[in-house]
Amino acid sequence: MTSPGWYLRRLSRMGPAEVVGRARHAVVQRQWRSALPEPPFWPSHPRFTAVLPDGVLGAVSGDAVKRLLVTADELMAGRAEYFGVVREDMADPDWFLDPKTGRRAPGDRYAFDVPYRSEDTVGDIKQIWEPSRHQHLTVLAAAYALTGSDAYAERVAAHLRSWWAANPPLRGPHWVSGIELGIRLLSWVWTRRLLDGWAGVDALFEDNPEFQLQLWHHQNWLSTLRSHGSSANNHVIAEDAGLLAAACAFGWFPESAGWQAEATRSLDAQLARNTFESGLNAELASEYHGLVLELGLAAAVEADAAGRPVPERTWAVLLRMTDALASIVDDRLRPPRQGDADDGFGLVVDGEETGRWASLLATGEALFGRRDWWPAVPGDDVRTPLLAALAVRVPRATGVRPDRRPAQLRDAGMTILRSGPVWVRCDGGPHGFLSIAAHAHADALSVEVRHDGVDILADPGTFCYHGEPEWRAYFRSTLGHNTLELGGRDQSVSGGPFLWTRHAVTKVLEVRPSRWVAAHDGYAPAVHRRTVELDGDELKITDEVLRAAGTGFRLAFHFGPDVRVVLAGGRARLSWDRDGERRTATLVLPGSVTWTAHRGQEDPPLGWYSPGFGRREPATTLVGTGTAKPRETLTTLLGFGS
């Protein structure tokens, strides 16, 4: 359970307005415990008019349909994988079961009494929440739309009726978190749209009092308990996107126009606050950039379809985010692995084998047009033609766009160095977003290095949020990144799994096309300064520790899981396979440091790579241990093909 100390630390990161707002939310939650808010009368003949234009489904590529049906048919067979755990019960799911621990969350308890952070009590809440985002239902609904097979639609209807019956308003774990309600609403909008033409669709949605009750309570919850203050990150974007989409597509209540207007205002303001001027998401967590962009695009086109477009500023932010994504991906269209990642999607209508980032860039290209410097993007997903068909015009936004691929996103502190197949990310940005920096890692001055899309020096990832504190601490620690730890502690001070109480401040000192220099104050009065230089196939990393003579340090280099590492003294031979060919590199390490290799170590954790949330696999980590000396420089050389 959460300790009193955590509450005090969390309170210390709030301003007066946030404290007042949270107190107001607590009053509302107490009121709802004793008396649920009452929805108005259901309109006698509601109509769903936000359908896809004629001919749009025919624009979906055959390959995209094939990939979709592979995933849909697995779902029809009752199988789905969530965070590394395969569920075999998805024909008739238990909405409260965590298959990882076997525990069940209480479905009959008042929502705000459910101790969802306690894995010992309810299980892994992410495992419980994820199926109830109903993104597997949008996949099945898309399969119906593209094949006309009633079996897909009937399975969707069975799951929705089951979920609505098991989850009455404000009971159980699925009513605790606004991001879950927002994403679920977006899924319902697209499920209804994609089932249009099925004989049972009116009985499932428009003529169903149970749907009325759920729909109204979801929207009322989001309008009343919107995230704010230090929690106004990707959560508030999901809340606003879901509320806006539902109010536009299901605008059947007396409150609908007001909900639509407030969600439009909030989404516009929060997208601007959550996005650097360069276009990168302010949480500095790459997957959340994708989540927020997906949510924003889906909400904005929904408003277009309803004839209530969002402000041009909203579209301008989405345009900047799209160009920023195009600027940072590697040769295989993979973005950095910076910060937290929990495999969260905004809208899913594609099969699992469709590349997320290629699809998102394809959608951006369809809505905004591509720049000459953009990477080539395959346009063979389901989502892109569907979203583009709802926009009132394309290109949907215009504005000043980069004439060449940016190497530095200055306000975000991200620099990408490139030379042929070599891609290098240098981290010189702020320590996360807002006062708690919830999804930040203690990774100042860290680097990621890829060769033709293969992780060579890798960011190990995230792995988990709740329930395994030692693993959560490791994956976001300084030692868990390609940077230098001084004095046995992290650069920034953690106050909990989503809370940092002291943030290291980083300053980029120099950026050239092949050279980057930055320093941070996380070990003040000591300073860690790093220089990264890329010359063709050779990367040089120089570390200096100033004003720290006699202090012990550890310098870590983490390798991707495909890289074989042979350490011999101060030199490591690297090899990996790519497209059937053996590739090699040599890492020459600082000679004044004692080097050890670690792989799959559990106590304490070291030598791991998380390919996705809930999954980890052994990977090699080299750790150099030494003592800081005056005017000493630590030079590391990575040469490819040597």
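**Figure 1. Arg578 is a buried residue in strand β17.** This is a predicted model, in which local features need pLDDT of at least 70 and side-chain atom pairs count only at pLDDT 80 or more, while totals for chains, interfaces and linings use all residues. Residues are numbered from 1 along each chain as its sequence is written, and side-chain values use heavy atoms, with hydrogens and water left out. Arg578 has a relative accessible area of 18% and is therefore buried (buried means under 20% relative accessible area, exposed over 50%, and partly exposed in between, with a 1.4 Å probe and protein chains only). Its strand, β17, covers residues 571-578; helices (H or I, at least four residues) and strands (E, at least two) are DSSP runs, numbered from the N terminus. Setting aside neighbours within four places in sequence, Arg578 is in contact with Arg332, Asp452, Gly453, Val454 and Arg583, where contact means heavy atoms within 4.5 Å. Val70 is 508 residues from Arg578 in sequence, and their C-alpha atoms are 26 Å apart.

**Figure 2. Asp579 is exposed and has a positive phi.** Look for Asp579 in the loop between β17 and β18 (581-588). Its phi is near 55 degrees, a positive value in a residue other than glycine. Most residues other than glycine have a negative phi, and most peptide bonds are trans. Is Asp579 buried or exposed? Its relative accessibility is 57%, so Asp579 counts as exposed.

**Figure 3. Five strands make an open antiparallel sheet.** The strand order is β3-β4-β5-β6-β7. At the edges are β3 (408-409) and β7 (454-457), each of which pairs on one side only. Two strands count as paired if DSSP finds at least two bridges between them. Five bridges link β5 (residues 422-427) to β6 (residues 447-451), and Trp423 stands opposite Arg450 in β6. Helix α14 (residues 312-328) lies across β3, β4 (414-419) and β5, at about 40 degrees to β4 (axes are lines fitted to C-alpha atoms, for helices over the stretch in contact, and angles run from 0 to 180 degrees between N-to-C directions). In the loop between β5 and β6 you will find Leu445, whose phi is positive, near 70 degrees. Leu445 is buried because its relative accessible area is 0%.

**Figure 4. Antiparallel strands follow one another from β11 to β12, on to β13 and then to β14.** Strand β11 (residues 506-512) is joined to β12 (residues 515-520) by six bridges, with Arg512 and Arg515 as bridge partners. The hairpin between β11 and β12 passes through two residues. Arg515 also stands opposite Glu533 in β13. Six bridges pair β12 with β13 (residues 527-535), and six residues lie between the two strands of their hairpin. In the loop between β12 and β13 sits Pro525, and the peptide bond from Ala524 to Pro525 is cis, with omega near 10 degrees. In the β13 and β14 hairpin, Gly536 takes a positive phi near 65 degrees.

**Figure 5. Helix α16 is largely enclosed by the rest of the structure.** Why is α16 described as largely enclosed? Six of its eight residues (383-390) are buried, so the rest of the structure largely encloses it. The buried residues are Arg383, Thr384, Pro385, Leu386, Leu387 and Leu390. Their cover includes α8 (178-194), α13 (286-305) and α15 (356-368). In the loop between α16 and β3 is Pro395, and the peptide bond from Val394 to Pro395 is cis, with omega near 0 degrees.

**Figure 6. Six cavities of 30 Å³ or more are found in the structure.** A cavity is a set of points, on a 1 Å grid over the protein atoms alone, where a 1.4 Å probe fits but cannot get out, and lining residues have an atom within 4 Å of a point. Grid points are joined across faces, edges and corners, and a volume is the space filled by probe spheres set on the points. The largest cavity holds about 60 Å³ of space, and its lining includes Asp427, Pro430, His431, His441 and Asp443.

Technical notes:
1 Å grid on protein atoms, 1.4 Å probe; cavity = no way out; pocket = protein on both sides within 12 Å on 5 of 7 lines; lining within 4 Å.
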